[in-house]
Amino acid sequence: MALLEIENVHTYYGHIHALKGVSLDVDRGEIVTLIGANGAGKSTMLKTASGLLRPRRGSIRLEGEDLTRYRPHEIVSKGVVQVPEGRRIFGRLTVRENLEMGAFTITDPRQIESNLERVFGLFPRLRERQKQVGGTLSGGEQQMLATGRALMANPSVLLMDEPSMGLAPVLVDIIFDTIRQLHADGTTILLVEQNARMALQVASRGYVLQSGAVVLSDTAETLRQNETVRKAYLGES
Amino acid sequence: MLKRWKKRITPTDVVMWLIGGAILVLIFWGSIATLATGTYTGHHWFDFIIFGLAQGSIYALIAMGYTMVYGILRMINFAHSEVFMCGPYTAYYVAAAFYSSGFLDQYPIVSLIMIFLVSMATSTLVAVLLERIAYRPLRTAPRLIPLITAIGASFFLQYTFRGFYGSGFQAYPVVQILEGEITFWGFRILKFQAVVIAAAAILMAALYSFVQRTRLGKAIRAVSEDKETSALMGIDIDRMIVTTFVIGGMSAGAAGVLYALMFKQVHFFMGFIPGIKAFTAAVLGGIGNIPGAMLGGIFLGLVESVGPSLFLDGLGIVAPYQLKDAIAFTMLVLVLIFRPTGILGERLTVKKA
């Protein structure tokens, strides 16, 4: 049984049928990527998994337990934690307060302290800027903070929505190095990316989403060789 | 260069600046004339300032509820003035019972604490019910709808409490230990004013450190900034909104007792003017901003208390004190014209409404 199993999920925005029966699964310790063009439904899939959108049909199971009946904050305490698109840092809270908010579901102060140390270990820059207000960080630092904030909750599955969006190439490399590092630590990640090239390098498997449905799914290696993927998402001819 | 200026300044701006300028000239002229005649001595001014501080700290406590609810829900809770009214009105019956049984004179401190607790509990209960029944079902509705609901809820509460307690004024019993004066370096302060200022200062400090330092306080700030992301952090949005109403209700209930101690009476309509003044204070300080509400409240109280004598007396206006409300609301209009974001307010464009 996979850790996270998404089965035949249909999500609507009003009358718009945004997800038309998406199924995918993520095994423990694996990085799975979801690639696709703008508006293909990638973010919608993550929002549905986090409970921000309610699927009309289908199920999302974590270790066999259906999550679709829970509210977003309950899903976080179940272990599915999202790094939202566009980072969504609390701009008026300090870096440290942002991280504390990430650990909101954890009540044991020692656990919070050790998570904080882990995040500071991953991103030493955040330790230096602890007292700074989130809104004053650079784009790259904000992405680090958003990732660190999600890690504070001890996620069993980390959902990452476009972590490289709007970042300079050198920062994109840093973010993907972090993802590799998290993978080495055993974190399970479902990664949504427009930068399909980078995503397929770190992931073990991938799904290609088109107009709200999975059109291709295979190992990352095979997808990289695939004719359609190369033309449509890797920009090769 | 001149063309660019012409394009940017509209005739409306010019008129607004003229009005503002005229008011400033009037204030300046009035103040100089008043000071030149020397009708008031230093002691008078000192009394005005202390009264203004006491009045202002009550406004500040009420303003806290407006500003925090605005921060988290982006709505003006116009029923907050009734949250303020119902606490001291209910506590009046406790106070009256204590008074007639002699308990109030025997154990004044215990009695006062009980009166505060009853008032704060009532206000909190009403605030929480208001959120649950009137506002929560409308959370996703367009912004005008909860606003109209708030006004409706305000009337509902006013007349409900009139139904409970009648439409007359009730005189709050006199607490003996709060009567009389204390003297500081030759300046006399009425005891109850000193108590009002001290109590309000303690409450505001407690509230501010709650919001700044505790886990719940930080979560409330996070929710105020971005509800969706807060939910993704595992924060229960509804719980934080209820907590905000609890805090607002508690500070309004406490402010209500302080108000009753100062003016010695309660009435079902007593919330209206202080409520609107506190709303003015919240706007003055920058709505959504907690230190701003404190500052705005105290500033408004001071201007209202010092202003009539200082600005208007010298202009030959008889009984200028009658015009204190006019001064308060003129200030609101001026703030809305020249600095709509308030003293400490941030630019609204940054926020997602």
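1. A crossing of two helices is right-handed if the near helix is turned clockwise from the far one by less than a right angle, and left-handed if the turn is anticlockwise. In this predicted model, H4(B) passes H11(B) in a right-handed crossing. Helix H4 of chain B covers residues 80-101 and helix H11 of chain B covers residues 237-263. Their axes come within 8 Å and cross at roughly 55°. An angle of that kind falls between the parallel and perpendicular classes, 35 and 65 degrees being the limits. H4(B) and H11(B) are therefore oblique to each other.

2. Which residues make the contact of H4(B) and H11(B)? From H4(B) come His80(B), Val83(B), Phe84(B), Met85(B), Gly87(B), Pro88(B) and Ala91(B). H11(B) supplies Gly248(B), Gly249(B), Ala252(B), Gly253(B), Ala255(B), Gly256(B), Val257(B), Tyr259(B) and Ala260(B). By class, the contact of H4(B) with H11(B) has ten nonpolar and six polar residues, and no charged ones.

3. H11(B) has another helix contact to note, with helix H9 (residues 215-225) of chain B. The axes of H9(B) and H11(B) come within 10 Å and cross at roughly 110°. That makes H9(B) roughly perpendicular to H11(B). On the H9(B) side the residues are Leu216(B), Ala219(B), Ile220(B) and Val223(B). They meet Ile237(B), Met240(B), Thr243(B) and Thr244(B) of H11(B). Six nonpolar and two polar residues make up the contact of H9(B) with H11(B), with no charged residue.

4. Chain B also has a hairpin. Strand E2 (residues 181-184) and strand E3 (residues 187-190) of chain B run antiparallel, joined by four bridges. Phe184(B) has Phe187(B) in E3(B) as its bridge partner. Two residues lie between the strands of this hairpin, and Trp185(B) takes a positive phi near 40° there.

5. Turn to chain A and its sheet. Six strands form an open sheet with mixed pairing, in the order E6-E7-E8-E3-E9-E10 (chain A). Strand E6 (80-83) and strand E10 (213-219) of chain A stand at the edges. Each has a single partner strand, so one side of each is left without a neighbour in the sheet. On average, neighbouring strands of this sheet are turned by 20° against each other, direction ignored.

6. Val80(A) has Val157(A) in E7(A) as its bridge partner. In a regular strand the side chains alternate between the two faces of the sheet. Are the faces of E6(A) covered or open? Both are covered: Val80(A) and Gln82(A) on one side and Val81(A) and Val83(A) on the other are all buried.

7. Helix H1 (residues 42-50) of chain A lies across strand E3 (31-36), E6, E7, strand E8 (188-193) and strand E9 (205-210) of chain A. H1(A) runs at about 145° to E7(A). Helix H6 (residues 139-151) of chain A lies across E6 and E7 of chain A. H6(A) runs at about 170° to E6(A).

8. How many residues bring the chains into contact? There are 20 residues of chain A in contact with 14 residues of chain B. Helix H2 (72-78) and helix H3 (95-102) of chain A each supply at least two residues of the side of chain A that touches chain B. The residues on that side of chain A divide into nine nonpolar, seven polar and four charged.

9. Check the backbone at two arginines. Arg87(A) is not a glycine, yet has a positive phi of about 70°. Arg87(A) sits in the loop between E6 and H3 of chain A. Arg87(A) has 25 other C-beta atoms within 10 Å, so Arg87(A) is buried. Arg74(B), also not a glycine, has a positive phi of about 55°. Arg74(B) lies in the loop between helix H3 (42-73) and H4 of chain B. Is Arg74(B) buried, exposed or partly exposed? Arg74(B) is partly exposed, with 15 other C-beta atoms within 10 Å.

10. Ile113(B) has 11 C-beta neighbours inside 10 Å, so Ile113(B) counts as exposed. Ile113(B) and Phe269(B) lie 156 residues apart in sequence. Their C-alpha atoms are 25 Å apart in space.

Technical notes
Residues numbered from 1 in each chain as written. Chains lettered and ligands numbered in written order. Predicted model: local features only at pLDDT ≥ 70, side-chain atom pairs only at ≥ 80, totals over all residues. Contact = placed C-beta atoms within 7 Å. Nonpolar A, V, L, I, M, F, W, Y, C, P; charged D, E, K, R; others polar. Pairing = 2+ DSSP bridges. Axes fitted to C-alpha atoms, helices over the stretch in contact; angles between N-to-C directions. Parallel < 35°, antiparallel > 145°, perpendicular 65-115°, else oblique. Buried ≥ 20, exposed ≤ 12 C-beta atoms within 10 Å, placed from the backbone.
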